[in-house]
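Subject: Structure handover

Hello,

Here is the structure I promised to pass on. Please open it first, then read my notes alongside.

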Amino acid sequence: MENQVRSGLGIDYTGMMSNSQNPSGFTKAELQSLQIELDRAQTSLQSRWEAGELDFSKLLVSMKAQVPEIIKYADTAASKFQNFVVLGIGGSALGPLAVHQALNHYYYNELPPEKRGLRPRLYVVDNIDPVRFKELFQILDPSRTLFNVISKSGNTSETMAQFLIVRDILRQVCGDSYAEHIVVTTDKAKGNLLPIALKEGFQRFVIPAGVGGRFSELTPVGLLAAAVCGIDIDQLLEGALSMDQWIRETQGVFSNPAQLRVALAHFSWQKGKTVSVFMPYADGLKTMADWYAQLWAESLGKRFDRQGQEVHVGQTPVKALGVTDQHSQVQLYVEGPNDKVMTFVTIEKFKDTQLIPLDSELPEDIHFLGGRTLEELLFAEQKATEYALTLAGRQHQKIILSSLDAYNVGQLLLLLEWETAYMGELLNINAFDQPGVEEGKNGTYALMGRKGYETRKKEIEEYGETQYFLRT
């Protein structure tokens, strides 16, 4: 590695660099040539940080101060309820689910209560499929369930529809005590959910005004669910703070991990790598790839730059899982269009391993596995994939976690968030809005009959006047 990095997280970018096996890779001089732009981006981001605009970073210290309050409520909830259900969509669902899957038992909900530390089972309802929603209530008792409604504005149609259904069910089952089964995470001073919570007496936690959904995991949006399920949120924030300090206080593309990652991403994009594949080699990080995909896509896929010029920028994120997707996607990555850059996420040491039994009577094609471990096999498959990509002249890099614990996960979250912020600066776009998503929301409001959207409804209906349709 070019630099040994501190605190357990490393970036191995050998597969991005020029060498005898990969002559088309980058040189150190190429990366260094971006330093002036990176310094300009760092200065701009620091100015915005000081002005209170980058709250995903700036508020980490205040979030740390809220940990005792969150843990106190979480422990009380864990003693009263068998189930904890998150009602949210986008970052409000992907963040909590990613951290939960990374840090808790893979089959957490199936464990008996004593093996979960008497913590509630967790369900994250991130969609409005009516069959899925109805079937949830076939497996849990509403009277033993706490529902966390997450919506900053209270305008999120999907989450508010879920809330209205859940509230109705709780009123029928729990009577006057229904409010004890709902905790809302919303804006401090505005939005449609806040007055309902105040009127009906729901416990409230605050989403900071300057933090968008995809950047909100290290606020009560994600910290509450993590604490309820027994995750060490203090260490999660410690890891985030250490990475945040490292990125903000370090200069130089070969010293600052966010600058390094964004330099590699930006040069890749300039050289036609329009697809960014995020491929963890640990099942616990599978949903982290989903979270990354939203972060990268929603932040950087923009039609206009900051001056209003049409630019249509953004890499397309693809989520994959090693080794599963070696058997479904890697064929394309090795021999298909050379338009992809890959990030593997690996763990130096798994908390458990599994010995493969040795049986000398088996054919050699199987026998060689005996006496080795699943951990060794996983590492070998990941390394072999790297090698195959290198031989094919395909770009790849690794983020290496020393272990899969709360501290390392906190570091990983902040690294990817800061990388995204830097990429927004280099692309000269606003990485913190999502106008394309808002257009779809407005269309939904119109079709569902919200007042003030009558013209939009008429426009949408006229759009579908001529249809091309095939059916059996």
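Below is what I found, topic by topic.

**Confidence**

This is a predicted model. The chain averages a pLDDT of 94, and 98% of the residues score at least 70. Residues 1–6 fall below 50. That stretch still has 14 contacts in the model beyond near neighbours in sequence.

**Annotated positions**

Which residues does the record mark as "active site"? The UniProt annotation, from an unreviewed entry, covers E298, H327 and K441. They are spread over 144 residues of sequence. They are spread in space too, with up to 36.9 Å between C-alpha atoms.

Take E298 first. E298 sits in helix α13, which runs over residues 286–300. Leaving out residues up to four places away in sequence, E298 touches R214, D433, Q434 and V437. With R214 there is also a polar contact between the side chains, at 3.0 Å.

Now K441. Helix α18, residues 435–447, holds K441. Is K441 buried, exposed or partly exposed? K441 is partly exposed, because its relative accessible area is 33%, which lies between the cut-offs of 20% and 50%.

**Aromatic rings**

A pair of aromatic rings is described by the distance of the centres and the angle of the planes. How many aromatic pairs are there? The count comes to 17.

One of them joins F56 and F432. Their ring centres are 6.3 Å apart. The planes stand at 25 degrees, so the pair is stacked; the cut-off for stacking is under 30 degrees. F56 lies in helix α3 (residues 55–58). F432 lies in the loop between α17 (406–427) and α18. The pair therefore ties together parts that are 376 residues apart in sequence. The two residues also have their own accessibility values. F56 counts as buried, at 6% relative accessibility. F432 counts as partly exposed, at 25%.

Another pair is F350 with F379. Here the centres are 6.0 Å apart. The planes make an angle of 45 degrees, and the pair is tilted. F350 is in the loop between β11 (340–347) and α15 (364–367). F379 is in helix α16, residues 374–391. This pair ties together parts that are 29 residues apart in sequence. F350 is partly exposed, with a relative accessible area of 24%. F379 is partly exposed as well, at 31%.

Look also at the aromatic cluster. F56, F215, W418, Y422 and F432 form one. The stacked pair F56 and F432 belongs to this cluster.

**Charges over rings**

K28 lies over the face of F254, at 5.5 Å from the ring centre. R116 lies over the face of Y108, at 5.9 Å from the ring centre.

**Backbone**

Most residues other than glycine have a negative phi, and most peptide bonds are trans. Here are some departures from that.

Where is there a cis peptide bond? The bond from G322 to V323 is cis, with omega near 5 degrees. V323 is placed in the loop between β10 (316–319) and α14 (330–335).

H312 has a positive phi, near 50 degrees, and is not a glycine. H312 lies in strand β9, residues 310–313. H312 counts as exposed because its relative accessibility is 55%, over the 50% cut-off.

N428 has a positive phi too, near 60 degrees. N428 is in the loop between α17 and α18, where F432 is also found. N428 is partly exposed, with a relative accessible area of 25%.

**One more residue**

Last, Q101. Helix α6, residues 91–103, contains Q101. Is Q101 buried or exposed? Q101 counts as buried because its relative accessibility is 18%, and buried means under 20%. Setting aside neighbours within four places in sequence, Q101 is in contact with Y106, D283, G284, K286 and T287. Among these, K286 falls within the residue range of helix α13, 286–300. That is the helix that holds E298.

Best wishes

Conventions
Residues are numbered from 1 along each chain as its sequence is written. This is a predicted model: local features need pLDDT of at least 70, side-chain atom pairs count only at pLDDT 80 or more; totals for chains, interfaces and linings use all residues. Side-chain values use heavy atoms; hydrogens and water are left out. UniProt positions are given in the numbering used here, feature names are shortened, and annotations may be inferred rather than shown by experiment. Helices (H or I, at least four residues) and strands (E, at least two) are DSSP runs, numbered from the N terminus. Contact means heavy atoms within 4.5 Å. A polar contact is a pair of N or O atoms within 3.5 Å; within protein, one must be able to donate a hydrogen and the other to accept it, and residues adjacent in sequence count only if both atoms are side-chain atoms. Buried means under 20% relative accessible area, exposed over 50%, partly exposed in between (1.4 Å probe, protein chains only). Rings of Phe, Tyr and Trp (its six-membered ring) pair if their centres lie within 6.5 Å; planes under 30 degrees apart count as stacked, over 60 as edge-to-face and the rest as tilted. A charge sits over a ring if NZ of Lys or CZ of Arg is within 6 Å of the ring centre and within 35 degrees of the ring normal. pLDDT is the predictor's confidence in each residue, from 0 to 100.
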